[in-house]
Amino acid sequence: MKSYRELANSVIIDSRKNILMDYDDLLELAGEGRSAFVFRIKGTDKAIKVFFPAFTHIAQEESEIYKALQGDPYYPVLYDSGTNYLVIDYIRGLTLFQCIARGIPVTPEKIREIDKALNSARKKGLNPSDIHLRNIFITAEGQVKLIDVARFRQTKTCSQWNDLKMAFYKYYMKPYFPKRIPEMLLNTIAALYKKNLIPGMRIKEKLINWGR
Ligand SMILES: Nc1ncnc2c1ncn2[C@@H]1O[C@H](COP(=O)(O)OP(=O)(O)OP(=O)(O)O)[C@@H](O)[C@H]1O
Ligand SMILES: [Mg+2]
């Protein structure tokens, strides 16, 4: 069996456009974010997150936060970390983004469970941030798991989850609201949100952060 470091080193990323050029046959691509590629290590229940060259500094920050969360069932176990990678539990399931894109209903019970997961991190002195649809999993067994905790130590207030919750109860829960939203439309809504172009959203966050 190759070491985690060797597996991480096999991942070749073109640093100009963060394009994935090559990776070991033992790896299977599981997802991509704004800072990393994530692979399942074949034949195991482990995932390796390999950061883009310009984002390797996040590996240490994220590993320290995972260490603070160890033993918490809402977060993956951390097995190893290195200069540009993390090894955590591979989560069998779907992100909330995938659930909505496929029309798999999200229930208020799951939303309450996500709140519990966030509160659990707060009890450990963390400040859960960057909580968006692709960072929340519902496992095959129906459990909630949160990933991508790199920003949990930021001091800035992040209202993203409160905004998502508001949209869930105000729109998604209405009987006429479609339960399947095409991926492209979801991405467009996310992009508009990031640019602060959705009326009524993120105003509170701006006011709080301006006051700092
Ligand atoms: N442990 C895991 N098990 C299964 N899939 C995963 C796992 N971790 C990440 N993924 C998949 O890879 C995607 C990217 O992972 P992650 O969110 O950690 O990357 P990121 O670059 O930090 O993301 P962001 O764009 O949110 O900053 C996730 O949205 C998910 O689809
Ligand atoms: Mg993410």
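Select ligand 1. This is a predicted model, and 20 residues surround ligand 1 in it. The closest are Gly31, Gly33, Arg34, Arg134 and Asp148.

Now colour the elements around ligand 1. Strand E3 (27-32), E4, strand E5 (46-51) and strand E7 (85-89) each give two or more residues to the shell. Which element gives the largest share of the shell around ligand 1? It is E3, with 3 residues.

**The two domains**

Select residues 11-89, then residues 93-210. The domain assignment calls these domain 1 and domain 2. Their centres, taken over C-alpha atoms, are separated by 21 Å. The contact takes 12 residues from domain 1 and 14 residues from domain 2.

**The core**

Next, select Phe39, Ile48, Val50, Tyr66, Tyr85, Ile136 and Val149. The largest nonpolar core has 42 residues, and these seven names are the members that touch the most other members. Which strand supplies the largest share of this core? Strand E4 (residues 36-41) does, with 5 residues. Both domains take part: domain 1 (11-89) and domain 2 (93-210) each give at least three residues to this core.

Pick out tyrosine 66. Leave aside residues up to four places away in sequence, and tyrosine 66 touches Tyr75, Leu78, Ile88 and Val149.

**Phenylalanine 52**

Move to the loop between E5 and helix H2 (57-68), and select phenylalanine 52 there. Is phenylalanine 52 buried or exposed? Count the C-beta atoms: 21 others lie within 10 Å. The cut-off for buried is 20 or more, so phenylalanine 52 is buried.

Show its contacts. Neighbours within four places in sequence aside, phenylalanine 52 is in contact with Ile13, Asn18, Ser35 and Ala36. Then draw a distance to isoleucine 41.

**Two asparagines**

One of those contacts of phenylalanine 52 was Asn18. Select asparagine 18, in the loop between strand E1 (12-14) and strand E2 (19-22). Look at the backbone angle. Most residues other than glycine have a negative phi. Asparagine 18 has a positive phi, near 50°. With 17 other C-beta atoms within 10 Å, asparagine 18 is partly exposed.

Jump to asparagine 196. This residue sits in the loop between helix H6 (183-194) and helix H7 (203-210). How many other C-beta atoms lie within 10 Å of asparagine 196? There are 12. The cut-off for exposed is 12 or fewer, so asparagine 196 is exposed.

**Helix H4**

Last stop: select residues 108-123, helix H4. Check its length. H4 has 16 residues, and at 1.5 Å a residue it should span 22 Å. The end C-alpha atoms are 23 Å apart, which agrees.

Now colour the buried residues of H4: Ile114, Ala117 and Ala121. They cover an arc of only 55° around the axis, so they lie on the same side of H4. What covers them? The cover includes strand E9 (136-139) and strand E10 (144-146).

Finish just after H4, at glycine 125, where phi is positive at about 85°.

Conventions: Residues numbered from 1 in each chain as written. Chains lettered and ligands numbered in written order. Predicted model: local features only at pLDDT ≥ 70, side-chain atom pairs only at ≥ 80, totals over all residues. Helix = DSSP H or I, 4+ residues; strand = E, 2+ residues; numbered from the N terminus. Expected span 1.5 Å × (residues − 1). Arc of directions from axis to C-beta. Contact = placed C-beta atoms within 7 Å. Core = buried A, V, L, I, M, F, W, Y, C linked by C-beta atoms within 7 Å. Domains from an automatic or database assignment. Near = placed C-beta within 6 Å.
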